Amino acid sequence: MRKWLSLTLALVLMMSCMLAAPASAITASDLRTQLNNGASGLSTGNKCPQRPTFYCAPRYQDLGAQPQNLRRGLSASKIVSDQSGREYGLYFKFTPRGKNQRYLIERFDFTIHDSEGNLVYVEGFDATMQCQPRYYWYWNFLNLNVLFENLKTLNGSITPGKYVMNIYFNRLWAGKTNFTIQE
């Protein structure tokens, strides 16, 4: 069940990334407006009753291959200079805990903010999943290509720094995880 759900969610995320207009085709101002509209109604002040443990790790994926861990992490210069078609992203996992172990999730949303608190990425999709005790859920590869395009549009380049990914279940804040993009 976990493997099927993970595969389904990965496909949904990939399809939503492919359907999005390239960030480079719009202005920084228009992109900020799109991001703010996409995050409308999402607030870290609206707490979800299920507060899982989140984990993420940087990864890469070559065409037709399984994702691999990036031992040295995400690197802006490496991502920009790589012409091989390799994609960069995250392994993402959450483990339900505490009360509400059987919480029903019908919508997932993610927002990513840079180290200055600027919103740089929004993603959301409908999917049904019921949290279960002693189970964890994961995405083997959460592609960050749209984030990188957004950063290029907003800042002129992929900006090194610490990033915060806020995770929402049913539009309620469930928690956050952090990752770093090095120079």
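Visitor: Are Phe108 and Trp139 buried or exposed?
Guide: This is a predicted model, in which local features need pLDDT of at least 70 and side-chain atom pairs count only at pLDDT 80 or more, while totals for chains, interfaces and linings use all residues. Residues are numbered from 1 along each chain as its sequence is written, and side-chain values use heavy atoms, with hydrogens and water left out. Relative accessible area (1.4 Å probe, protein chains only) is classed as buried under 20%, exposed over 50% and partly exposed in between. On that scale, Phe108 and Trp139 are both buried.

Visitor: How many aromatic pairs are there, and which geometry does the pair of Phe108 and Trp139 have?
Guide: Rings of Phe, Tyr and Trp (its six-membered ring) pair if their centres lie within 6.5 Å; planes under 30 degrees apart count as stacked, over 60 as edge-to-face and the rest as tilted. By this rule there are 17 aromatic pairs. For Phe108 and Trp139 the ring centres are 5.7 Å apart and the planes stand at 85°, so the geometry is edge-to-face.

Visitor: How many residues apart are Phe108 and Trp139, and in which strands do they lie?
Guide: Helices (H or I, at least four residues) and strands (E, at least two) are DSSP runs numbered from the N terminus. Phe108 belongs to strand S5 (residues 104–113) and Trp139 to strand S7 (residues 137–143). The pair links distant parts of the chain, with a separation of 31 residues.

Visitor: What is the angle between the planes of Phe110 and Trp139?
Guide: Phe110 in strand S5 and Trp139 in strand S7 are 29 residues apart, and Phe110 is buried, as is Trp139. Their rings form an edge-to-face pair, 5.9 Å centre to centre, with an angle between the planes of 80°.

Visitor: Which residues form one aromatic cluster?
Guide: Trp139 pairs with Phe110, and both belong to one aromatic cluster. The members of that cluster are Phe54, Phe92, Phe94, Phe108, Phe110, Phe125, Trp139 and Phe169.

Visitor: To which side chain is that of Asn143 joined by a polar contact of 2.9 Å?
Guide: Asn143 is in strand S7 and counts as buried at 14% relative accessibility. A polar atom of its side chain lies 2.7 Å from the backbone nitrogen of Asn145. Apart from neighbours within four places in sequence, Asn143 is in contact with Glu87, Tyr88 and Gly89. The polar contact of 2.9 Å is with the side chain of Glu87.

Visitor: What is the phi of Arg134?
Guide: Most residues other than glycine have a negative phi. Arg134 is in the loop between strand S6 (119–130) and S7, and counts as exposed at 80% relative accessibility. Although the residue is not a glycine, its phi is positive, near 65°.

Visitor: How many disulfides are there?
Guide: A disulfide is a pair of cysteine sulfur atoms within 2.5 Å. Cys131 is buried, at 0% relative accessibility; its sulfur is 7.7 Å from the closest cysteine sulfur, in Cys48, which is too far for a bond. The number of disulfides by this rule is zero.

Technical notes:
Polar contact = N/O pair within 3.5 Å; in protein donor to acceptor, adjacent residues only side chain to side chain. Contact = heavy atoms within 4.5 Å.
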